[in-house]
Amino acid sequence: MRKKIVAGNWKMNKTLSEGLKLVDEIVSSSENNSVLKIIAPPFIHLASIADKLKGKEDFEVAAQNCHQVESGAFTGEVSAEMIASTGAKYIIIGHSERRIYFGENNSLLAQKVLMALANNVIPIFCLGENAADRAANIHLDVVKQQMKESLFNLLPADFSKVIVAYEPVWAIGTGVTATTHQAQGMHNFIRSEINKKYGKMVSEESILLYGGSVNAENAKELFACLDVDGGLIGGASLKAGEFGAIVNSF
Ligand code: PGA
């Protein structure tokens with residue numbers, strides 16, 4: 001049975017006191033204990049939020065990025081080892097905002113995935129096509145290439161730890177969600193590619209999240225899709241009531 005996960009990516013939002021308050025509110029609004037909730041605040045809040053959630057088995061903390069090397073003279077950067085030392089167990093890697101605004105490409109992201117795994121932190125690896133790719137009907141090829149270049153170099157034991165988040169770029173922060181048909185279609189494709197590379201057992205155990213304008217209204221039908229194991233939530237994760245309603249819609 002695959003774990004159900006709802007992860008909230010706060011992006012560059014919330015001061016420390018606002019973040020701590022939001023966590024309290026999220027804990028009280030997320031009643032469904034069978035769902036793992038992952039909170040991804042900015043780096044600077046990780047340790048405080050991880051401390052606050054210590055002992056709550058259905059809550060974990062994630063970073064939104066990490067650097068690709070272990071340590072060194074990289075002013076302003078944060079390593080996977082530092083992230084692990086705060087108590088965070090997950091790192092979002094390859095979010096489309098990192099790809100678009102910070103020029104992160106598939107091969108760089110492959111290094112970040114390795115660095116996370118080397119520090120026992122689980123990558124939540126984001127992939128997905130943009131609007132032009134979908135219009136040109138090359139969305140499956142784009143996603144296949146992203147998997148091939150960033151993940152399929154991993155040994156099966158390592159790959160099986162990775163969570164994949166399908167986030168069509170045209171759905172992120174736009175209010176335009178993928179239809180259940182589009183989401184399930186892509187998730188099924190991703191699982192079948194994993195099956196081809198790593199076999200049935202790994203593919204059936206792989207956790208696949210959907211992200212892109214998930215809200216309290218559309219979460220239920222998206223989570224009901226056979227190959228959708230949960231969501232990566234942006235905007236709606238900043239409102240405890242909305243995030244809780246998404247968690248509770250499983
Ligand atoms: P959104 O963002 O829910 O605001 O569309 C999703 C994401 O960026 O992960």
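**A chat about the pocket and the ligand**

Student: How do the residues of the lining of the largest pocket divide into nonpolar, polar and charged?
Tutor: They divide into eight nonpolar, five polar and four charged, where Ala, Val, Leu, Ile, Met, Phe, Trp, Tyr, Cys and Pro count as nonpolar, Asp, Glu, Lys and Arg as charged, and the others, Gly among them, as polar. Keep in mind that this is a predicted model, in which local features need pLDDT of at least 70 and side-chain atom pairs count only at pLDDT 80 or more, while totals for chains, interfaces and linings use all residues. Residues are numbered from 1 along each chain as its sequence is written, and side-chain values use heavy atoms, with hydrogens and water left out.

Student: OK, and which residues are closest to the centre of that pocket?
Tutor: Of the 17 residues that line the largest pocket, the closest to its centre are Lys11, Met12, Gln64, Arg98 and Phe102; a pocket here is an open set of points on a 1 Å grid over the protein atoms alone, where a 1.4 Å probe fits, with protein on both sides within 12 Å along at least five of seven lines, and lining residues have an atom within 4 Å of a point.

Student: What does the side chain of Glu167 do with an oxygen atom of the ligand?
Tutor: An N or O atom in the side chain of Glu167 is 2.6 Å from a ligand oxygen, and a polar contact is a pair of N or O atoms within 3.5 Å. A polar backbone atom of Gly173 is likewise 2.6 Å from an oxygen atom of the ligand, and for Gly235 the distance from a polar backbone atom to a ligand oxygen is 2.8 Å.

Student: How much of the ligand does the protein bury?
Tutor: Taken alone the ligand exposes 280 Å², and the protein buries 95% of that, with areas from the Shrake-Rupley method and a 1.4 Å probe.

Technical notes. A polar contact is a pair of N or O atoms within 3.5 Å; within protein, one must be able to donate a hydrogen and the other to accept it, and residues adjacent in sequence count only if both atoms are side-chain atoms.
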